[in-house]
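This report describes a single protein chain for a reader who is new to structural analysis. Please keep the sequence and the model in view while reading.

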Amino acid sequence: MRLDRYLWFTRLAKTRDVAQALACDGRLRIDGRAIDRAHAPVRVGNILTFFHAGRVRVLRVEALPGRRGPAPEAQACYQELVAGGAENGSQRGDER
C-alpha cells in the first residue's frame with residue numbers, strides 16, 4: 001500500500017494532500033530509512049517514525065486498511081510505540 005494512502009486511511013493525516021506532503025518532506029522514516037516520496041510501500045510490520053502534533057510518533061503497522069473508516073477501525077491498523085522515557089516518567093509521577 002502507498003504511504004500517503006496509509007496515512008490518510010488510518011487518520012494520521014486529515015487529507016490526502018497533507019499525507020502526501022508529510023511523506024514527501026523527508027522527515028518520515030520507515031524502518032529507520034528516510035522517505036521522500038508518497039508512493040513508498042508500507043507493509044505489515046513496518047515501523048513508521050515521524051513528527052506529528054508536536055511530538056515524535058513511532059508506530060508499528062499492524063494491518064493495511066481497505067478504506068478510510070471510523071477512528072476505532074483506523075487505530076486498529078497500527079500500534080503506538082513509546083519513543084522515549086520522558087513521556088513514561090510523567091505518567092508514572094501522576095500515578096503515585
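The report below moves from the whole chain to its helices, its aromatic pair and its strands.

**Basis of the description**

This is a predicted model, in which local features need pLDDT of at least 70 and side-chain atom pairs count only at pLDDT 80 or more, while totals for chains, interfaces and linings use all residues. Residues are numbered from 1 along each chain as its sequence is written, and side-chain values use heavy atoms, with hydrogens and water left out.

**The chain as a whole**

The protein chain contains four helices and five strands. Here helices (H or I, at least four residues) and strands (E, at least two) are DSSP runs, numbered from the N terminus. Read from that terminus, the order of elements is α-α-β-β-β-β-α-β-α.

Of the 96 residues in the chain, 30% count as buried. A residue is called buried under 20% relative accessible area, exposed over 50%, and partly exposed in between (1.4 Å probe, protein chains only). The chain exposes about 5,900 Å², of which carbon and sulfur atoms supply 49%; such areas come from the Shrake-Rupley method with a 1.4 Å probe, and for residues only the protein chains shown count as cover.

Contact means heavy atoms within 4.5 Å. Among contacts in the chain with a separation of 6 or more, 37% are between residues 24 or more positions apart.

Asp4 lies in helix 1, which covers residues 3-9. Asp4 counts as buried because its relative accessible area is 0%. Leaving aside neighbours within four places in sequence, Asp4 is in contact with Arg16, Ala19, Gln20 and Ala38.

Helix 2 spans residues 16-24, and its buried residues are Ala19, Leu22 and Ala23. Seen down the axis of helix 2, these buried residues fall within an arc of 95°, so they line one face of the helix. The arc is that of the directions from the helix axis to the C-beta atoms. An α-helix has 3.6 residues a turn, so residues three or four places apart point the same way. The cover over the buried residues of helix 2 includes helix 1, strand 1 (28-30), strand 2 (33-35) and strand 3 (47-52). After helix 2 comes Gly26, with a positive phi near 85°.

**Cysteines and aromatic residues**

A search of the whole structure finds zero disulfides, a disulfide being a pair of cysteine sulfur atoms within 2.5 Å.

| Residue | Relative accessible area | Class |
|---|---|---|
| Cys24 | 42% | partly exposed |
| Cys77 | 7% | buried |
| Trp8 | 26% | partly exposed |
| Phe9 | 7% | buried |

Rings of Phe, Tyr and Trp (its six-membered ring) pair if their centres lie within 6.5 Å; planes under 30 degrees apart count as stacked, over 60 as edge-to-face and the rest as tilted. By this rule there is one aromatic pair. Trp8 and Phe9 form this tilted pair, at 5.6 Å centre to centre with 40° between the planes.

**Strand pairing**

Two strands pair if DSSP finds at least two bridges between them. Strand 1 and strand 3 run antiparallel and are joined by two bridges; Arg29 stands opposite Thr49 in strand 3. Six bridges join strand 3 to strand 4 (residues 55-61), again in an antiparallel arrangement, and Leu48 has Leu59 in strand 4 as its bridge partner. Strand 3 and strand 4 form a hairpin with two residues between them, and Ala53 in the turn has a positive phi of about 55°.
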